[in-house]
Amino acid sequence: MYVDFWPIVSMVWRKKFNIHPILLYVDNNDIELDETYGSVIKMKPIENISDTFQAQFARIWHSQFLLNDICILTDIDMIPLSVWFFKHQIKDIESSK
């Protein structure tokens with residue numbers, strides 16, 4: 001299950017990149033998820049709509065609440081490796097963009 005990636009992925013984002021990760025968990029199962037390195041937001045799925053689609057759309061939808069932040073939208077199974085790719089190459093871009 002993809003949620004098994006959360007402990008390592010959240011730790012890498014926090015420790016290597018100093019970025020606070022947020023997991024949007026779309027499921028009816030109320031499982032315990034570690035929030036040591038990031039936040040977890042649990043959302044109940046809407047009936048008759050693909051859970052996969054809801055999980056994908058939730059990332060875009062939730063970013064509207066983070067107006068003063070720069071957001072990186074990614075899949076949980078993509079472990080970030082390059083500080084240059086995620087931080088340094090965008091350092092000269094104005095924060096209003």
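Which side chain does K91 meet in a salt bridge? In this predicted model, the partner of K91 is D92, with a distance of 3.4 Å from N to O. K91 has a relative accessible area of 57% and is therefore exposed, and D92, at 68% relative accessibility, counts as exposed as well.

**Salt bridges**

The count of salt bridges comes to three, and they are set out here with their distances.

| Side chains | Distance, N to O |
|---|---|
| K42 and D30 | 2.9 Å |
| D75 and R59 | 2.5 Å |
| K91 and D92 | 3.4 Å |

The side chains of K42 and D30 meet in a salt bridge. Because K42 belongs to strand 2 while D30 sits in the loop between strand 1 and strand 2, this pair ties together parts that are twelve residues apart in sequence. K42 counts as partly exposed at 40% relative accessibility, whereas D30, at 62%, counts as exposed.

A salt bridge also joins the side chains of D75 and R59. Since D75 is placed in the loop between helix 2 and helix 3 and R59 in helix 2, the pair ties together parts that are 16 residues apart in sequence. Both residues are partly exposed, D75 with a relative accessibility of 34% and R59 with a relative accessible area of 23%.

**The chain as a whole**

The protein chain contains three helices and two strands, and along the sequence these follow the pattern α-β-β-α-α. The C-alpha trace spans about 45 × 25 × 20 Å along its principal axes. Of the 97 residues in the protein chain, 23% are buried, and the accessible surface comes to about 7,400 Å², with 56% of that area belonging to carbon and sulfur atoms. Among the contacts between residues at least 6 apart in sequence, 44% join residues that are at least 24 apart.

**Helix 1 and what covers it**

Which residues of helix 1 are buried? They are W6, V9, S10, V12, W13 and F17. When the helix is seen down its axis, these buried residues fall within an arc of 155°, so they line one face of helix 1. The cover over the buried residues of helix 1 includes strand 1 (22-26), strand 2 (39-43) and helix 3 (83-86). Helix 1 is followed by N18, which has a positive phi, near 55°.

When neighbours within four places in sequence are left aside, Q54 is in contact with V26, K44, P45, I46 and I49.

Two of these contacts of Q54, namely I46 and I49, also take part in a nonpolar surface patch of about 810 Å², which is made by I46, I49, F53, F57, I60, W61, F65 and L73. I49 is found in the loop between strand 2 and helix 2, and with a relative accessible area of 38% I49 is partly exposed.

**The segment after helix 3**

I90 has its place in the segment after helix 3, and at 35% relative accessibility I90 counts as partly exposed. The C-alpha atoms of I90 and D4 are separated by 30 Å, and these two residues are 86 residues apart along the chain.

Note on methods. Residues numbered from 1 in each chain as written. Predicted model: local features only at pLDDT ≥ 70, side-chain atom pairs only at ≥ 80, totals over all residues. Heavy atoms only, no water. Buried < 20%, exposed > 50% of the residue type's maximum accessible area, 1.4 Å probe, protein only. Helix = DSSP H or I, 4+ residues; strand = E, 2+ residues; numbered from the N terminus. Arc of directions from axis to C-beta. Contact = heavy atoms within 4.5 Å. Patch = residues over 30% accessible without salt bridge, like charges linked within 9 Å, V, L, I, M, F, W, Y side chains within 5 Å. Areas by Shrake-Rupley, 256 points an atom, 1.4 Å probe, with all protein chains shown as cover. Salt bridge = Lys/Arg side-chain N within 4 Å of Asp/Glu carboxyl O.
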